[in-house]
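Have the structure open while you go through them.

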Amino acid sequence: METAHAAVKTTRLADYQPPAYLVDRVDLDVDIHDGITTVTSTLALRRNPDRPDVTAMQFNGEGLTLRTLSLDDVVLEADRYHYANGVLTIEGLPDSCSLTTVVDIEPEKNTALEGLYRSNGMYCTQCEAEGFRRITFFPDRPDVLARFTTTIRADRKAYPLLLSNGNPVASGEEGERHWVTWEDPFPKPCYLFALVAGDLACLEDTFVTASGREVALRLYAEHRDLDKLDHAMASLKHAMRWDEETYGREYDLDIYMIVAVSHFNMGAMENKGLNIFNTACVLAHPSTTTDAGFQRVESVVAHEYFHNWSGNRVTCRDWFQLSLKEGFTVFRDQQFSADMNSAAVQRVENVDFLVNHQFPEDQGPMAHPVRPAEYQKIDNFYTLTIYEKGAEIVRMQYHLLGHEDFRKATDLYFSRFDGQAVTCDDFVACMEEISGRDLGQFKRWYSQAGTPILSVSDAQDAGEYRLSFRQHTPPTPGQAEKLPLMIPVRLALLNADGEPVVLDSEGRRETVLIIDQKEQTVSFPVSEPVTPSLLRGFSAPVVLEYDYTADQLAHLLASDNDGYCRWNAAQQLYFGALDRLVRAETVATEEAAKLAPALEQVIARADEDPAEAALLLTLPGEVALGDRHVPLNPARVHDARQSLLQALGTALQPHWLAMAENLLATTLEMDGRAMGRRQLRNLALNYLAAAGHSEVQRLAVELFELPLCMSEELGALRVLVHFDLPGADKALAQFEQRWRDEDLVMDQWFAAQASVPGEATVARVRELMAHPAFDWKTLNRVRALVGTFVNGNPSALHAADGEGYRLFAQALSRLDDINPQVAARLANGAARLPKLDAKPKGMLVDELKVVMEKASDNLAEVLGRILAS
């Protein structure tokens, strides 16, 4: 057995060494019995030519009971190996050999959901980042690529379905048990290994590739959920065709499988040929899934499929390069979603998420580079910086090269590094080779943490318009000094008629400036008055500072043909009004009167793109508004936003009422336009409810009682509950009774209550924790209730009496005992600690210190950084 637990060590990029031995082949035999699973593993080892003098090799293994250990079929004596602190070390290995281990594991006790575990009666795996070491001994690192052959054995009646990576090559029966052997012809790191054993329903289809190969598509879920897989199947086929047409990437196996799992740490996992999905990211039906849920399924299915090339065929050398696969693949799935839906709406939604979630991460105690220099627990670095900021870095390279050269560069990347584990530098080198550009300075985006601030001023005289730029990145933990970045700024100049003016002798009306110095000034031969349309398409992930007047913002909102700039203009108008209300410099009715004319223009054109209109008419949330004010005062922020919501609801009441009545559909449609109309109608109901309109309760109840889909039903429920309208408690009880057997719908029921603003919600969340349908081991339910409360309800979390902090801390401790990885992610909800005033800061620190005393390694790393800030 393994000896005592060791102190957590820090892993550093600068210390990277290639593995001493490579693994050419893996033969796995997984013999599943309820209670104990026996795993027999045979590794074909070969000395790495890059490490010729090393004869010892380390194999990771955690929670394994070692039964036998053999080298070239000879059992090793105890003095030939050492097993301690999760590492098996074997001395004196020859140049090539075969290592066989037999271990016992207990998947039923695995609540961390890493490695092999049991979920709702099925066995499944999650091996990224370091879960494979919980299954068998292996050099558990992404730069060890091997070809896997896997045989699974289990009871035939209880587990009729036995799945793994690759293609099935053999099967048989042994009394009441049976077995299936799977062979994956492509070398892969062990984090892409997958196994499923269970009794599941299957939706089958086929896809014919561009070269004429027929691929079997199989989506698996619990039998009762079979009717919820159609949308995922359609999304998968769209993604497969899109990747062929856009990137020239064709699928490479005979079968592609997705399995829906109720208990899962993440959203989904791209295991080669056998994706394992959180049910929330694959199951969809209009009666049980919101429109946003449908769009999420489409995006996540595409994301995991795109990983087949950007992550699987070409993977990352070490976990410091995680964004190489995740940032690139997020960019690809964003491109796909933009092509499948409204490109303007998709871009705004991507930017909205980045600015309101990743930017705060990049500006707080958890800030880190897209390519970190060190970590303690790699699980803690599956962050928005790695994914979302990483995608923006790829997007900047896309625009620097242009569509055609970017495609050539990615073709080069895939062909040159197929079957290899590589680095972010390798990716950028392909961009440099095709474009001829020197991207040395650009690579600072990978190594430098923090969100750059781009300050812009202008001047105009003698027929010349000048823009002056100054870039500055504030210090972040461990990085006090910052160097100038290469920032692409896409811009146009709008005249009084809202038309882009000519910028140069070539007649261009839009250009991209490369800001690569601390300060730069650029001139244009323009004499007429203009309003700058800056950072079009959100061309770089920076905070833009330009002193727009309210008239200029209204002009951009009304006239700009760039979707992001229109949305940003609306946001700046809202933030200006809300900031003044937070500072008590004005009253909401005056601010609403100033905003109304610009918003009426948006409403007048709402039918052109209802989803975009809904985005333009939505006030910034309390979290985003609170981040603009230090010290953070959630109660004042809530009051300010609520007062403006009420004032706009009153000022534009006839428009909201018309939307609420006229946008009601009589037949269900699931296209983007219909979804936008539902989104706009739900928004109108919120404004009417905030204004206290006499008809809103009737409208909400009617929609709740006879909805066409879940977006209508849940939208109505939220209005009733959030504004405490008559019938709210009855609606909650009806919703629970109606959907008590649908886990994902009940998650929405919990979240709707946890998101009600105000200190009273703390007690409500405590009550819901005692609800029979709440289970700490069901992570989707924990995220819905506790995650919503912590991350989406600041006026409740920061309750003046400290009870919100106490609930948060108790939840962290409870969850940490079950699943440290998820507890550590939840702990990021305390990252705004430095922004708090002295009294609430002291209360939160006291609660977190108690948690810290018994925290797991994962949780301790996160809390340690927050408490040190």
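**Exercise 1.** Find which residue lies over the face of Tyr247, and at what distance from the ring centre.

*Solution.* Start with the test: NZ of Lys or CZ of Arg has to be within 6 Å of the ring centre and within 35 degrees of the ring normal. Arg332 lies over the face of Tyr247, 4.7 Å from the ring centre. Now try Phe704: the charged end of Arg738 sits over this ring, 4.9 Å from its centre.

A quick note on the ground rules: this is a predicted model, where local features need pLDDT of at least 70, side-chain atom pairs count only at pLDDT 80 or more, and totals for chains, interfaces and linings use all residues. Residues are numbered from 1 along each chain as its sequence is written, and side-chain values use heavy atoms, with hydrogens and water left out.

**Exercise 2.** Classify the aromatic pair of Trp242 and Phe306.

*Solution.* Rings of Phe, Tyr and Trp (its six-membered ring) pair if their centres lie within 6.5 Å; planes under 30 degrees apart are stacked, over 60 edge-to-face, the rest tilted. The structure holds 38 such aromatic pairs. For Trp242 and Phe306, the centres are 5.1 Å apart with 40° between the planes, so the pair is tilted.

**Exercise 3.** Is Trp242 buried or exposed?

*Solution.* Buried means under 20% relative accessible area, exposed over 50%, partly exposed in between (1.4 Å probe, protein chains only). Trp242 has 5% relative accessibility, so this residue counts as buried. Phe306 is at 0% and therefore counts as buried too.
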